[in-house]
Amino acid sequence: MTHASRTRPDTRTRPWHGIMVATALPLRADLSVDHDAYADHVAWLLDNGCDGVVPNGSLGEYQTLTDAERTRVVRTAVEAAGDGARVMPGVSAYGSAEARRWAEQAAEAGAGSVLLLPPNAFRADEDAVRAHFAEVARAGLPVVAYNNPVDTKVDLAPALLARLHADGSIVAVKEFTGDVRRAYEIAELAPGLDLLVGADDVLLELALAGAVGWIAGYPNALPRACATLYRAAVSGDLATALPLYRSLHPLLRWDSRTEFVQAIKMSMDLAGRPGGPTRPPRFPLTDESGAAVRAATEKVLAEGLV
């Protein structure tokens, strides 16, 4: 399915700035990838206030994809976006060589940047982390580091981020720890390193601390409300941002929970978007969690925050 270039002008100064949606991946009932639905979803996000997409992230269940599926997802995203600068594929892998190959594939597809976790098959020390990012940076695309020590057990602390930036290996960091104090230390130690919001439920705090982008989950279901929130937050318009943030926060906090994929896909289904099932080993939400997500989503939809 072919999509023309999106009509909204791209006013960003860097491909990794703005609202980059970590896209959920539509699956059919038999758990095969619905690439047509995914293309439509990418186009819909860009037409509804988002700046770009991040295919093959954790929300896109990249760990469960075959190499062929993962490759096609990136190509589909670039084609649907109509502008590779709006696409930041996740290129994380257990080995540095494999991660570099995914980065090279992203470059061949025309993507504007890539998102990379540190080595996560073991608790990598600083030397291993720096070598890993340097290897992937050799593919030629700007690399955004993804700091998620909860899942990877490797913490890209501010001092290490500063070294990675000084090495020329990274241009930005998706900061997922939830510790908003790090924003100020990162700015002090690496003033040229761009800070991107990495967890939906600290958006306002990190935006006020100087974030220039948001790698976001919940815009998959509520792009217009999330776009309004983000732009108000980064411009310091608290009169608009704070009440909207309070309304959305019962949903946004699911982005930091283990069941974030299932929760966001359920909200997408309720909002009329192609959410659908998840691949094993992710199970459907429990009755209790599902009821909580449903109630919070229906409240937001009833308030017209779509």
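In which handedness of crossing does α10 pass α12? The crossing is left-handed, meaning that the near helix is turned anticlockwise from the far one by less than a right angle. The model is predicted: local features need pLDDT of at least 70, side-chain atom pairs count only at pLDDT 80 or more, and totals for chains, interfaces and linings use all residues. Numbering starts from 1 along each chain as its sequence is written, and side-chain values use heavy atoms, without hydrogens and water.

**View 1. Helix α10 against helix α12.** The axes of α10 (238-252) and α12 (287-302) come within 9 Å and cross at roughly 155°. Axes are lines fitted to C-alpha atoms, for helices over the stretch in contact; angles run from 0 to 180 degrees between N-to-C directions. That makes the pair roughly antiparallel (over 145 degrees). Ser247, Leu248, Pro250 and Leu251 of α10 meet Val293, Ala296, Thr297 and Val300 of α12 (contact: heavy atoms within 4.5 Å).

**View 2. The open sheet.** Its 7 strands run in the order β2-β1-β7-β6-β5-β4-β3, with parallel pairing. Pairing needs at least two DSSP bridges. Helices (H or I, at least four residues) and strands (E, at least two) are DSSP runs, numbered from the N terminus. Edge strands β2 (52-54) and β3 (114-116) each pair on one side only.

**View 3. Strands β1 and β7.** β1 (18-22) and β7 (213-216) pair in the parallel sense over 4 bridges. Gly18 has Gly213 of β7 as its bridge partner. Helix α9 (223-234) packs on the sheet, touching β1 and β7. Its direction makes about 140° with that of β1.

Key. Angles under 35 degrees count as roughly parallel, over 145 as roughly antiparallel, 65 to 115 as roughly perpendicular and the rest as oblique.
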